[in-house]
Amino acid sequence: MKVLFYTPQSDTAAWLRDLSHALPDVDLREWQPGDDAPADVAVVWRPPREMLAGRNDLRAIFNLGAGVDAILALEREHPGTLPRGAQLVRLEDTGMAQQMAEYVTHAVLRYMRRFDEYDLLQKQQRWHVLDPHPRETFTVGVLGLGVLGSHVAQTLVSLGFPVRGFSRGARQVEGVETFAGDAEFDAFLDGVKVLVNLLPHTPETHGVLNKASLSKLARGAYLVNIARGAHLIEQDLLDALDEGQIAAATLDVFVHEPLPSQHPFWKHPRIAITPHISALTLREESVVQIAQKIGALKRGEAIGGIVDIARGY
Ligand code: NAP
Ligand code: GLV
């Protein structure tokens with residue numbers, strides 16, 4: 001089996017070393033522009049169009065992340081880019097669920113205990129005690145109850161928060177009040193104090209964090225966006241912060257990454273920024289999962305994580 005590898009943003013040599021170790025029988029090579037020699041499988045993150053276009057020999061494309069929006073955007077912009085017979089396979093968890101749970105727990109506790117406000121008071125050298133928000137009314141709403149969202153929701157339940165979850169189809173997650181589909185979106189949002197976004201970015205979810213949805217949350221709510229920047233209408237967040245509808249936001253993802261130096265988010269006193277690190281792709285765990293799935297494909301067995309191209313995730 002011939003396997004192509006490409007990533008623009010991490011240590012290619014280390015990936016090639018670990019993949020060859022886990023898959024000693026495969027013929028693995030780094031894809032370079034102009035390489036159109038035969039290949040059965042591609043392992044990629046944000047591949048250029050020319051790597052995939054016309055490669056009808058590929059049987060599977062393994063995406064080195066949970067979100068496949070970048071690859072599917074290539075297909076939308078240039079139909080026919082994705083090889084016809086190839087299955088697109090995303091990472092399932094590989095250590096990301098725990099990282100997301102840590103990130104969201106930190107943000108939710110920071111806001112509930114008002115540590116964000118103590119940071120501001122410290123800058124003014126003010127010794128002032130604030131009443132913590134009552135936990136029982138600090139409802140957290142998790143958008144997306146997939147691999148990552150359901151783990152985040154369960155972690156928050158274990159900390160005693162009232163938790164709601166929203167998905168496309170009906171889902172049950174123990175201890176979580178669940179809502180599904182557009183018809184239940186407003187009921188899900190109503191009164192939520194912290195909105196956590198873990199939806200995939202698809203044409204349906206583009207711009208879902210906007211003036212209308214933010215206005216349905218509890219007054220002075222908090223936003224945690226850890227899915228994709230294009231879920232958020234950035235000016236609507238700035239307006240909602242100015243109006244006090246949103247008290248503060250923690251943002252890990254942005255429309256343009258890296259966030260441009262002149263962007264108003266950088267210096268906003270109520271916005272906390274991280275550089276798309278809420279759940280990193282962990283090489284060791286990812287290599288194990290990809291190697292297992294390549295082995296299963298070789299044996300003709302079914303694998304999980306296959307993307308439904310029409311649905312977009
Ligand atoms: P997943 O398992 O595919 O779960 C997606 C969830 O979103 C499912 O519950 C799905 O509903 C729901 N959903 C999709 N479209 C919807 C719609 N139109 N309306 C309502 N619900 C909808 O994905 P995952 O592995 O949890 O990952 C989620 C996203 O996290 C990724 O796509 C990626 O963008 C983001 N992410 C970010 C980072 C980072 O570092 N910032 C890292 C990893 C992932 P159903 O259950 O009904 O299908
Ligand atoms: C990272 O953003 C991912 O989708 O895994």
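These legends go with several close-up views of a predicted model. Local features are given only at pLDDT of at least 70 and side-chain atom pairs only at pLDDT 80 or more, while totals for chains, interfaces and linings use all residues. Residues are numbered from 1 along each chain as its sequence is written, and side-chain values use heavy atoms, leaving out hydrogens and water.

**View 1. The shell around ligand 1.** Welcome to the 29 residues around ligand 1, of which Arg 90, Leu 148, Gly 169, Arg 171 and Tyr 313 come nearest; a residue counts as near if one of its heavy atoms lies within 4 Å. The shell divides into 15 nonpolar, 8 polar and 6 charged residues. Because domain 1 (2-92 + 281-311) and domain 2 (96-273) both give residues to this shell, ligand 1 lies between them; the domain bounds come from an automatic or database assignment.

**View 2. Backbone atoms beside ligand 1.** Here, look for polar contacts with the ligand (pairs of N or O atoms within 3.5 Å). A polar backbone atom of Leu 145 is 2.9 Å from an oxygen atom of ligand 1, and a backbone N or O atom of Val 147 also lies 2.9 Å from an oxygen atom of the ligand. At Ile 226, a backbone N or O atom lies 2.9 Å from a nitrogen atom of ligand 1. The protein covers 93% of the 940 Å² of accessible area that ligand 1 has on its own (Shrake-Rupley method, 1.4 Å probe).

**View 3. His 263 in its loop.** Find His 263 between strand S11 (246-251) and strand S12 (271-273); strands are DSSP runs (E) of at least two residues. His 263 is buried, at 15% relative accessible area, where buried means under 20% (1.4 Å probe, protein chains only). Its side chain reaches the backbone nitrogen of Phe 265 at 3.0 Å.

Terms used:
Chains lettered and ligands numbered in written order. Helix = DSSP H or I, 4+ residues; strand = E, 2+ residues; numbered from the N terminus. Buried < 20%, exposed > 50% of the residue type's maximum accessible area, 1.4 Å probe, protein only. Polar contact = N/O pair within 3.5 Å; in protein donor to acceptor, adjacent residues only side chain to side chain. Nonpolar A, V, L, I, M, F, W, Y, C, P; charged D, E, K, R; others polar.
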